[in-house]
Amino acid sequence: MQAKMNLIKTSLIAFIAMAIVSCSQSELPVYKNADKSITERVNDLLKRMTLEEKVDLVGGNGMKTMANRRLGIPEMVMTDGPLGPNTKKHSTNYSAMINLAATFNTDLMYSVAEQIGAETRIYGRNMLLGPNINVARAPHGGRVFEGFGEDPYLISEMAVPYIKGVQSKRVITCTKHFVANNQEWNRFDVSAEIDERALREIYFPAFKTAVQNADTWTIMAAYNRFRETYACENSYLLQDVLKDEWGFTGVTVSDWGGARSTVPMANSGLDLEMPFGKYYGEKLLKAVKEKEVSEDIIDDKARRILTVMFKAGLFDESIDTYGGHSDDAGRRRLAKKVADQSIVLLKNSNNYLPLKTDGIKTIAVIGPNGGEAIMTGGGSGKLMGNYEISPYEAISNKVGDQVEVKFARGIPARSLDMPIAGPEFYLTKEGEPGIYAEYFNNKEVEGEPVLTRIEKAIDFNWGWGTDRNDGSPGSPEPGIIRINKWSARWTGKFRSPGDGWYEIGLRSDNGVRMYLDQEKILDAWIDGKSGKFKVARYKFEKERWYDLKVDFYENIGSCRCRLGFTPYNPGTMTNDAVKLAAKSDVVILSMGLDKEMEGEGVDRKSLHLDEDQLKLIQEVLKVNKNVVMVLNGATPIIMSDWIDKVPVVIDALYPGQEGANALADIIFGDVNPSGKLPLTFPKDENKTPVAQTYPGTKELADYSEGIFVGYRWYDKENVEPLFPFGHGLSYTTFGYSDLKLSSTEIDKNDTLKVTLTVKNRGTFDGDEIVQLYVTDKEASVEREVKSLKGFERVSLKAGESKTIIFKIAKDALSFYDVKTKSWLAEPGDFEILIGASSGDIRLKQTFNLK
Ligand code: BGC
């Protein structure tokens, strides 16, 4: 009886609750009613907003958009990507995106992206600033680790699952940086001069795909200029191409501080200014009132932002809905899978790898990257993992007690945190304590200084000023020296407390150069970041006063300059490492780049390893030839100085938090390597597609190589690279056979079916990445020798064969015809090339396009 009463009571309560809900549902404003369509909700909300509120919405609020309490408009809450949610906390580091590209595994990319989306939600964010789909044009590019390499087809294929996977968790992606952000050198101002065909064939495709095949909800405009107009106010890019031609319905976002104007930017199609409404805000309101920007344009921007917010469910669910922890077993496994599939075995003479523990008693892990987990490049894309395992630890764990593993760094840690030289190091020319400072309201240290004074030491952090509302002045003397685009010169005397070699360095944002006794000893006159010291080595005499001159300039954003000084004594560390190498059976040399050497804001100056590493390699090779060279880094490394002397080279790129475990598994044969290079490695720094044009002048990035980017240039010029695009070895060998085309003649609207067989001919199970390239044999314009138009990762047990099928349609045969402004597949002969890399073509067949 009691049970029946309870049931009636519960049903009654449920009924009343439903009645309340449906009654309140009908009273809800349309925009709050989740049953209405997004268009209805946006229209309703827009009608309720004042002009001021719309203008508020189109200017950022730090890493958020502006909330509207009156109407209950939530915030887009952002975190940097693209490797994962890069909040102050840690999250799973699956690997750098360059590794995902090296897997050539789009399904794996989707799985990772889903988890990146889920983790973004766990950290209370609903927008992720990624993917970065800029093309790795210059081999020096600081942000290559964030992207998917040099080939537009590969980049596009990886971008789609990235965007879809992240957005499947209702996290807004921000595909960046549109367009031609292909170098860090002078990235805030340089104008990319690209001809229309190269633009359409190389730099646009991934963005177009992101819009049309993946429906990315937002796109970030680049810092740089494009054909002289800043990308953030470039109506050709933002309005004509992106919105009108490609039908992009989402939001265009300025890069952080990339906005330079109010009216031109507002009228060019830039929707959301980040991180603050510095040029929008009050200035935009005024421009609307003065009819320089129409209200329709503001409505359009607000409409786009609201639409994306509704699509991502921001109005209908709390940002805190997602619980859980970023670090879990499933994500750890996924990270391991990415590392397993992305590490590239570049060289393996006489099947030196895999190592067998039987014959080995001692292993030496030597080098700067051996004692720590190297997971990421630097800058906004930097991502620390949930945990770190160094190669030394992973290899020790792997071999257990059977083999003795020892580690020696071999070279001193680079002075990331040098002690700052205090006032006792300086005297003015007149012999007073301190150093004489002159400040200029231009970046060139030119003309009359606007302020001069004596300062105690070069030790400043002026902060962001109004570029980011963090309360810092952003200028040495606000009101006199401006926030952006100023410079300083310090002159005086400097002394060292001791004799011998010292490192003297400047940690600066932006450019610096330093002279001692009129000799320029340090030159970093670029828009560098302050993550590390730029260091010179100099032999000092104790207590002697040297003439010191330091120049500094600030471009935009945060600004600081500090002079550090520390003794330099590499000898002992190298000696210890060499002694260890001499008595070990095998040496794992752990070298390459890290987040201080490549990252946002700074391109690499040289493609060689740094001098310390080169010296250590030579010293170790003198005492032991059993060297497994393991490299980190996204951009190519020139290996001419040492490659012939080592049997093995592994490029681990930045393989994430499980990278070292994967490396150990590969070295000992528990994982068969299968990653392939997503970019070409040159032999010679002076023979690359951009050797004649990069970095170019301060104003101009000259893209005169046109469509011949990456392997396309090596093919055209017949220059043999060190390792071609798509190269990567396995412990087994794969046989390619039976290439068949569905027809030898096709019509424009036909699809050509390409089949072939791949066989694992060895004794190891393994994955092969089969690549399909197309050659246009008869064309009215100069075309690339070949271009990638298909790939497939295939897993084969030892002895197993599989049939691979590709489908090739008109798109894969076309070039961009500048005369007709359209894509053209010209009749004539084409060739299908099937290869294990762009330099290792195994099968070919010709067909005719009618
Ligand atoms: C970078 C962007 C990044 C933004 C926010 C900029 O400096 O270019 O890629 O998303 O900062 O951190």
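**Close-up views of a pocket and a ligand site**

**View 1. Lining of the second largest pocket.** Strand S31 gives the largest share of the lining of the second largest pocket, 7 residues, where strands (E, at least two residues) and helices (H or I, at least four) are DSSP runs numbered from the N terminus. This is a predicted model, in which local features need pLDDT of at least 70 and side-chain atom pairs count only at pLDDT 80 or more, while totals for chains, interfaces and linings use all residues. Residues are numbered from 1 along each chain as its sequence is written, and side-chain values use heavy atoms, without hydrogens and water.

View 2. A pocket is an open set of points on a 1 Å grid over the protein atoms alone, where a 1.4 Å probe fits, with protein on both sides within 12 Å along at least five of seven lines, and lining residues have an atom within 4 Å of a point. Of the 41 lining residues, the closest to the centre are Tyr153, Glu157, Lys789, Asp811 and Ala812.

**View 3. Side chains facing the ligand.** The residues around the ligand (a heavy atom within 4 Å) include Lys176, Tyr223, Asp255 and Trp256. A polar side-chain atom of Lys176 lies 2.9 Å from a ligand oxygen atom, whereas for a side-chain N or O atom of Tyr223 the distance to a ligand oxygen is 2.7 Å, and for one of Asp255 it is 2.6 Å.

Key. A polar contact is a pair of N or O atoms within 3.5 Å; within protein, one must be able to donate a hydrogen and the other to accept it, and residues adjacent in sequence count only if both atoms are side-chain atoms.
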